[in-house]
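Colleague: I would like to learn how to read an interface and a core. Can we work through a case together?

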Amino acid sequence: MGLEDIYTELVSEHSRNPEHRHALPGATCSLKGHNPSCGDEITLQLKVKDGVVEDAAFTGVGCAISQASTDMMVDLIRGKRTEEARALAQKFIGMIKGEITDEAELEDLDEALSLQGVSHMPARVKCAVLAWHTLDEALKEQGK
Amino acid sequence: MADAQEFLKDFPLLHTEMNGRPIAYLDNGATTQKPEQVIKAICGYYGGCNANPHRGAYALSVEATEIYENARKRTAAFIGAKRPEEIIFTKNATEALNLIAYSYGLTNLKQGDEIVITIAEHHSNLVPWQHVAHATGAALKYIYLEQDGNLSDEDIETKITERTKLVACTQVSNVLGLKNDVKKIAAKAHSVGAVCVVDGSQSVAHQKVDVRDIDAGHKMLSPMGIGVLYGKYDLLDAMPPFLMGGDMIEYVEEQQTTFAELPAKFEAGTQNVGGAAGLTAAIDYLTGIGFDRIEAIEKDLVDYALPQLRELPFIELYGCDTKRDNKTGIIAFNVKDVHPHDVATILDSTGVAVRAGHHCAQPLHKYLGLNASCRASFYLYNTREDVDRWIAALKKVREVLGYGA
């Protein structure tokens, strides 16, 4: 596993200039995610209306992998139904854990598919899945 | 330095590869590698004399007991304790510190008392005192830092008062790598009648330590799972037991128990005899070399690395501008715009192992206004070549993430 498989153009771009890293006015829910071992810390904000994630954004600090992963996730889930967004989160986590490897099945992760290489780097798995776990938790709360 | 090359041959792991490259192991603040002599001592114990000490009246158990008690004597001599009973074996420094917090802290502190610690403590010498403060109503106060990262002399003078019952301080900061004047702090603590707890995790392997110290063995060539608490006999003797169970008792009846004398009182259950055998071998190894040589190797590496790091405009250094002669072989740093975890991954791809994160010192990072940092920490087997590889890899970091140099 070479560095270029992890720090791809796409990951570098998203981590240097995360489009969705800002506070979200009118958010209906806000949840913190935290990796105590490395200090990655994000707050994910969602605006959910009629079962649809109308908008999302995040704030916080973290490594390139966690920041890029979060930014790509927000890109992906905007406009999706909540159950669809949760299914994507679970699919992404499955990919990073190495449980889902079928390219066709992973296709709808879109840009986030570029993080698949992290599944071979146990030390960085937590960085990649932080935002997606946080999303899953947030939407679970919404569903209640 | 020629010395390091001479020692390198004793460390089998440093001759293996990581990611297809030889290892430049620069995470000695976390744990050191183990020399052949220590590995052989552990294998020798399990392969030839393993039995539960202090129990069986048969030859093997007697031998295991001898190995274990010999480690205690050697440790006592190594750090200058008056008697072997002042040495309590623990699983690590964290357990040693918890032992004091639970046994001494919870018993002797009360509302109105104060505990004074420093902002540069490892969580293991911070969280237990928070617990004691919460449980007893005592106040927890902090000694903060000067601009150069050293403990504030003013805080030492003003925060330790007649209300202070316990002062806890590390001998060397595991992030900033600065030696604290623990003699002065202990003297100040004793002058107001407080006890002083010193965390020796980052010092005892690197410099000659003169007791009143706590120490974990795996950071000094010895295996993980064995640590040492040193305490003055009278203090330890007056403290209640920490963990209860086998081996720490005198008489057990249905409703009550009397406890064993020191050191058994604080060593409940089956102990880590293999670890003690390894610790003895580590003490032999370090004694054979001498701390003058070890300190000289580390100083050479720091003096070699720092000017080169200062040349790099994208490197921020922490604790490297001390005005006192107290810098040890630990260098904390960050690469501008890049999270420490990414730095460590990129260095790892070239076989250079450094630590990234908060190094179990979140309050210190917060105090310094940092989220996290990287840390390189040297030991006697590190060479200038390791430093060269580290610095060469640092020059690549920003490029990998698409930043201009």
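**Interface and core**

Modeller: Between chain B and chain A the count is one salt bridge. A salt bridge is a side-chain nitrogen of Lys or Arg within 4 Å of a carboxyl oxygen of Asp or Glu. This is a predicted model: local features need pLDDT of at least 70, side-chain atom pairs count only at pLDDT 80 or more, and totals for chains, interfaces and linings use all residues. Residues are numbered from 1 along each chain as its sequence is written, chains are lettered from A in the order in which they are written, and side-chain values use heavy atoms, with hydrogens and water left out.

Colleague: Which residue forms a salt bridge with Asp342(B)?

Modeller: Arg124(A), with the closest N and O atoms 2.9 Å apart.

Colleague: How is the size of an interface given?

Modeller: Often as the accessible area lost when the parts come together. Here about 1,300 Å² is buried between chain B and chain A (1.4 Å probe, summed over both). Carbon and sulfur atoms give 57% of that area. On the chain B side, His341(B), Thr345(B) and Leu401(B) lose the most area to chain A, together 34% of what that side buries.

Colleague: What does Tyr7(A) touch?

Modeller: Contact means heavy atoms within 4.5 Å. Beyond four places away in sequence, Tyr7(A) touches residues including Arg124(A), Asp342(B) and Thr345(B).

Colleague: And the core?

Modeller: A nonpolar core is a set of buried (under 20% relative accessible area, 1.4 Å probe, protein chains only) Ala, Val, Leu, Ile, Met, Phe, Trp, Tyr and Cys residues joined through side-chain atoms within 4.5 Å. The largest has 124 residues. Tyr7(A) and Trp390(B) are among those with the most contacts inside it.

Key: Buried means under 20% relative accessible area, exposed over 50%, partly exposed in between (1.4 Å probe, protein chains only). Buried area is the accessible area (1.4 Å probe) that two parts lose on being put together, summed over both.
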